[in-house]
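These are my notebook entries on one structure. I record what I looked up, in the order in which I looked it up.

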Amino acid sequence: MTVRLSQKEAGAYYTPNDVVSALVSWAVRRDGDRMLDPSCGDGRFLVEHPNSVGIEQDPVSAHVAISRAPAALVHEGDFFQWAEATAERFECTAGNPPFIRYQTFKGPVRARALALCAAQGAAFSGLASSWAPFLVATAGLLKPGGRMAFVVPAEIGHAPYAAPLLEYLVAHFKRVQLVAVREKLFPDLSEDCWLLYTEGFGGTTDHIAFTVLDRFAWSARPPKQAEKIPLTEWRESWNRRLRPYLLPASIRNAYRAIAGDPDSHRLSSFASVGIGYVSGDNGFFHLRPSEAKRWKIPGAYLHPTVRTGRMLAQRSITPTTVAAWQKADEPVMLLRLRRGQEISASVRRYLDSSAGQEARQGYKCRNREPWYAVPDVQVPDFIMSYMAGRSANLVQNSAGVTCTNTVHGVRVRDQGLATKLLPSWGTPLSQLSCELEGHPLGGGMLKLEPREAGRLLFAASGAITPASASALEEGISIMQRWRHYGG
């Protein structure tokens with residue numbers, strides 16, 4: 001019996017026909033060109049050019065592709081295994097590589113993929129999603145002068161694992177062009193997609209051509225209008241990210257000028273950012289005051305905590321804030337027990353309750369000793385949003401609370417700089433910095449990983465002129481539209 005992979009397992013989200021036609025029309029220059037689609041799905045790219053080869057891991061989709069494109073040659077199986085063994089080379093490739101995140105892209109397939117890419121000079125980290133190695137392995141199957149035309153996730157504009165891919169492309173093609181499309185190519189997906197065109201395999205380039213479009217419009221060739229992004233600027237000014245180039249040059253220049261001011265600093269220069277603790281069972285380890293009272297758990301074993309970013313509405317968490325949480329009987333009291341600590345009889349009864357018996361079976365709990373001692377519980381100086389809507393929050397921890405991994409803890413190293421710069425939080429500069437250093441999620445949300453938060457830019461108030469403030473405000477609006485905030 002043929003077993004079909006789930007859509008998530010296969011990373012299969014089929015490309016709209018007009019996008020397929022546009023990519024193949026550019027990639028194929030003559031009837032005799034041999035075209036490869038490394039993840040052909042139901043064969044919609046192969047239909048556009050009969051002289052094609054397609055690889056597809058999902059057996060059901062492979063059979064659909066065979067029926068749909070009878071002139072093409074379709075191989076069922078793992079692309080990386082096939083690419084490692086084949087001696088065939090192609091004039092062009094086109095397609096939509098599977099988007100499988102690192103948590104699912106694992107095992108022998110992943111090991112084979114990363115080894116194949118490393119042999120070609122592209123070293124990906126363990127966090128790379130499948131599509132990036134797919135493109136490197138595909139490029140290695142081109143003849144000299146060959147071309148690629150692909151749908152790619154917009155993550156190519158910000159994900160750390162996209163940088164090795166782009167470095168590989170500019171080192172192996174005479175032209176590399178990215179077309180950023182704001183309106184979703186796949187309306188039913190949260191993931192945004194851009195278009196990638198490369199040509200002249202075997203050559204090199206000193207820039208990336210970058211085009212910004214509101215919406216896709218069919219064309220047999222990439223847009224002629226494209227900003228030439230020098231590789232040195234991409235690497236040094238923008239940390240090998242393309243997302244800042246969604247902004248007009250005037251706004252980018254205003255931001256860069258502030259970043260270059262000697263009185264401006266990145267957050268990491270005076271503070272460290274890290275995620276909060278992972279309890280292993282939030283329902284068990286976070287008690288309501290009424291529950292703590294019922295179990296007679298002494299206050300010495302409890303510590304107030306921030307569990308979600310929704311609790312960061314104010315500029316400061318004070319004892320009054322915590323008292324309000326407790327009065328509302330919210331589950332904000334962390335059962336904080338340390339290894340080797342003497343435990344009271346009432347706490348022992350709670351640990352041995354049915355809820356405790358269940359909690360200790362969870363993955364995190366059963367893999368630590370003792371199971372009930374939550375590790376990495378810290379009291380940061382400030383707490384920052386991990387994910388945000390309109391803008392991220394940075395809240396002073398005046399009550400000495402701790403926090404879970406749904407938010408970030410910020411610990412100040414240089415109190416002088418912190419006192420000087422942190423009051424500027426909430427200004428257009430800090431908001432735009434969050435947009436540029438963070439990255440979008442589905443539903444219009446903005447996410448700040450710890451390393452991204454560490455790059456947030458702070459400046460003394462005198463460094464920002466009225467003109468630059470206006471430019472920064474416009475930049476915030478543009479970036480929020482690109483992450484679809486508010487619609």
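**Entry 1: the model.** I noted at the outset that the model is predicted.

**Entry 2: strand β7.** I began with β7, which comprises residues 193–201. Is β7 mostly buried or exposed? I found that eight of its nine residues are buried, so the strand is largely enclosed by the rest of the structure.

I then looked up the pairing of β7. Strand β5, residues 142–153, runs antiparallel to β7, and seven bridges join the two. Within this pair, P153 stands opposite C193 of β7. Strand β6, residues 173–181, also pairs with β7 in the antiparallel sense, here over six bridges. In that pair I located Q177, which stands opposite Y197 of β7.

**Entry 3: a sheet of three strands.** Next I examined an open sheet whose strand order is β17-β22-β21, with antiparallel pairing. Which strands form its edges? They are β17 (387–388) and β21 (439–440), each of which pairs on one side only. I followed β21 to its partner β22, residues 446–447: the two run antiparallel and are joined by two bridges.

Entry 4: I consulted the UniProt record, an unreviewed entry, which lists residues 244–460 as "domain: Type II methyltransferase M.Eco57I C-terminal". In the model, this span is 32% helix and 20% strand. Its end C-alpha atoms lie 22 Å apart.

**Entry 5: the second largest pocket.** Finally, I looked up the second largest pocket, for which I recorded a volume of about 250 Å³. How many residues line the second largest pocket? The lining consists of 16 residues, and those nearest the centre are I275, G276, Y277, D376 and Q378. The elements that contribute two or more residues to this lining are β11 (271–275), β19 (402–403) and β20 (407–412). Of the elements, β11 gives the most, with three residues.

Methods. Residues are numbered from 1 along each chain as its sequence is written. This is a predicted model: local features need pLDDT of at least 70, side-chain atom pairs count only at pLDDT 80 or more; totals for chains, interfaces and linings use all residues. Side-chain values use heavy atoms; hydrogens and water are left out. On a 1 Å grid over the protein atoms alone, a cavity is a set of points where a 1.4 Å probe fits but cannot get out, and a pocket is an open set with protein on both sides within 12 Å along at least five of seven lines; lining residues have an atom within 4 Å of a point. Grid points are joined across faces, edges and corners, and a volume is the space filled by probe spheres set on the points. Helices (H or I, at least four residues) and strands (E, at least two) are DSSP runs, numbered from the N terminus. UniProt positions are given in the numbering used here, feature names are shortened, and annotations may be inferred rather than shown by experiment. Two strands pair if DSSP finds at least two bridges between them. Buried means under 20% relative accessible area, exposed over 50%, partly exposed in between (1.4 Å probe, protein chains only).
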